[in-house]
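Please read the following note alongside the sequence and the model. The points are numbered so that each can be checked in turn.

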Amino acid sequence: MSRVEIGRLAGVLRAALDAEQVIDDRARLRTYECDGLAQYRVVPALVVLPHTAQECALVVRACVAANVPFVARGSGTGLSGGALPHADGVLIVTSRLRAITELAPDDERAVVEPGVINLAVTRAAAPHGYYYAPDPSSQQICSIGGNVAENSGGAHCLKYGFTTNHVLGLQVVTPDGDLVRLGGWAPDSPGYDLVGAFVGSEGTLGIATEVTVRLVRSPESVRTLLAAFPGTDAAGAATSAIIAAGVVPAAVEMMDALAIEAAEAAVHCGYPAGAGAVLIVELDGPTAEVDAQFTEVERLCRDNAAFEIRIAADDAERALFWKGRKSAFAAVGRISPDYIVQDGVIPRTALPEVLRRIGELAAERGIRVANVFHAGDGNLHPLVLFDDAIEGQAERAEELSGAILDLCVAYGGSITGEHGVGMDKAKYLPRMYTDDDLDTMQLLRCAFDPRALANPGKIFPTPRLCGEVPGRRRGAHPLQEAGLAEVF
């Protein structure tokens, strides 16, 4: 898109909105050039800051009229490049839609705008004895709209599930610029599960402008322990033993020696000296049940070579246990100038074997990997450490990162658990799915967005069916020939 065309679109939007809501100054645009995955950077042609759902719809309609692609962005904490701008497009930033419009603890519901910070929902519900369960490590700064786009999880997703398990209804701006409602107040709306399709669609099916979320009753009792092990094999065995015993903790988190080193350097969390791995295990629920299960968890940790177990005496000590874990991603910056955050999933019974294999792959390439992850559901977060100033290290780190995802798929897992596909992992999606699988997914995308203007270039590795730039495939697609799809 030419500067003249962008200037014309900016003029249209300034006429409809306040001038300060439309940004076209190059220096200010660079503020939005990436999300939390900083190795991908694109300066958008235009940034718009709507204040209401109606203004958001107006911006999308203007983009459609000008045939300009658009990307939605919340707080920008994503780790897959999902909110990476389009160089010739508009970045629609929803951070100013930040009202909790309804809080209904008696119905265990809240209605929030997409710019509301995740932790703010819990803070609003806490005086009524409720909280919002999905808790990404970035919950102090990430927004509900971004959580919906990426289907974010968190430490407590083992027991409580992901964002999709806590979203009942949505108001959405479609890629045509219409405001529509999906789902609602009821626990399960009849008809197709369009809410389920939208949550985790990474902005490719539209923009959420209002979210109805489920609130969870605050538990009667919460107990947390920190167990130190000689290494990840023993900690992984303890995790499997806990789940096999029929105990479903709210969270089971693991950190290896390198991740512990980084956390100590950053936040001085005081984890046991000499630990090759630590587990943080948290149980919640009725006091009698938690006490009985807690005794069982302690025993299983000791049976699997835990050499030290600490039990949080109060909320302050519990917060200190979690401080090291929650700071882990940022903390590795203390021990490495550059790093890649990965996000793959494996069966938890394969933890010891896969972690050993990651260590071998890292050694072969001369690269260090710090492991910090949701052990209870096998959601790995390997942090691949490198120094971009050393020739060849960045390339070896990227290669290792891909090999780890291949390893996850080989063990029957997934290339992502909660960070999304975005730009970073699109090339790996065919390792999980066939061409026919990907085309079937694209049928849904094309039904919502036949012009391919909503966050183009994300999730899917190549243009398919909708005729996205750089163009259509040669000849008729098999789904076209079968009468099941149309190239728009």
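1. Leu103 has Ala110 of strand β6 as its bridge partner. This pair belongs to the antiparallel pairing of β5 (residues 100–104) with β6 (residues 109–112), which extends over 4 bridges. It should be kept in mind that the model under review is a predicted one.

2. The strands β5 and β6 form a hairpin with 4 residues between them. Within this hairpin, Glu108 adopts a positive phi near 55 degrees.

3. A further element to examine is an open sheet of 4 strands, whose pairing is mixed and whose order is β1-β2-β4-β3.

4. Strand β4 (residues 90–93) pairs with β3 in the parallel sense, over 4 bridges. Val71, for instance, has Leu91 in β4 as its bridge partner.

5. Helix α3 (residues 53–66) lies across β2, β3 and β4 and runs at about 170 degrees to β4.

6. How do helices α13 and α14 pack, in terms of angle and axes? Helix α13 (residues 351–365) and helix α14 (residues 393–410) meet at an angle of about 155 degrees, and their axes are 10 Å apart. Because angles over 145 degrees count as roughly antiparallel, α13 is roughly antiparallel to α14. The crossing of the two helices is right-handed.

7. The residues that make this helix contact can be listed. Helix α13 contributes Val354, Arg357, Ile358, Leu361, Ala362 and Arg365, while α14 contributes Arg396, Glu399, Leu400, Ala403, Ile404 and Leu407. Sorted by class, the contact of α13 with α14 comprises 8 nonpolar and 4 charged residues, with no polar ones.

8. The final point concerns charged side chains. Side chains of opposite charge can pair when their charged atoms come close. The structure holds 21 salt bridges. One of them joins the side chains of Glu20 and Arg96, at 3.0 Å from N to O. This pair links distant parts of the chain, 76 residues apart: Glu20 is in the loop between α1 and β1, and Arg96 is in the loop between β4 and β5.

Technical notes: Residues numbered from 1 in each chain as written. Predicted model: local features only at pLDDT ≥ 70, side-chain atom pairs only at ≥ 80, totals over all residues. Heavy atoms only, no water. Pairing = 2+ DSSP bridges. Contact = heavy atoms within 4.5 Å. Axes fitted to C-alpha atoms, helices over the stretch in contact; angles between N-to-C directions. Parallel < 35°, antiparallel > 145°, perpendicular 65-115°, else oblique. Left-handed = near helix turned anticlockwise from the far one by under 90°. Nonpolar A, V, L, I, M, F, W, Y, C, P; charged D, E, K, R; others polar. Salt bridge = Lys/Arg side-chain N within 4 Å of Asp/Glu carboxyl O.
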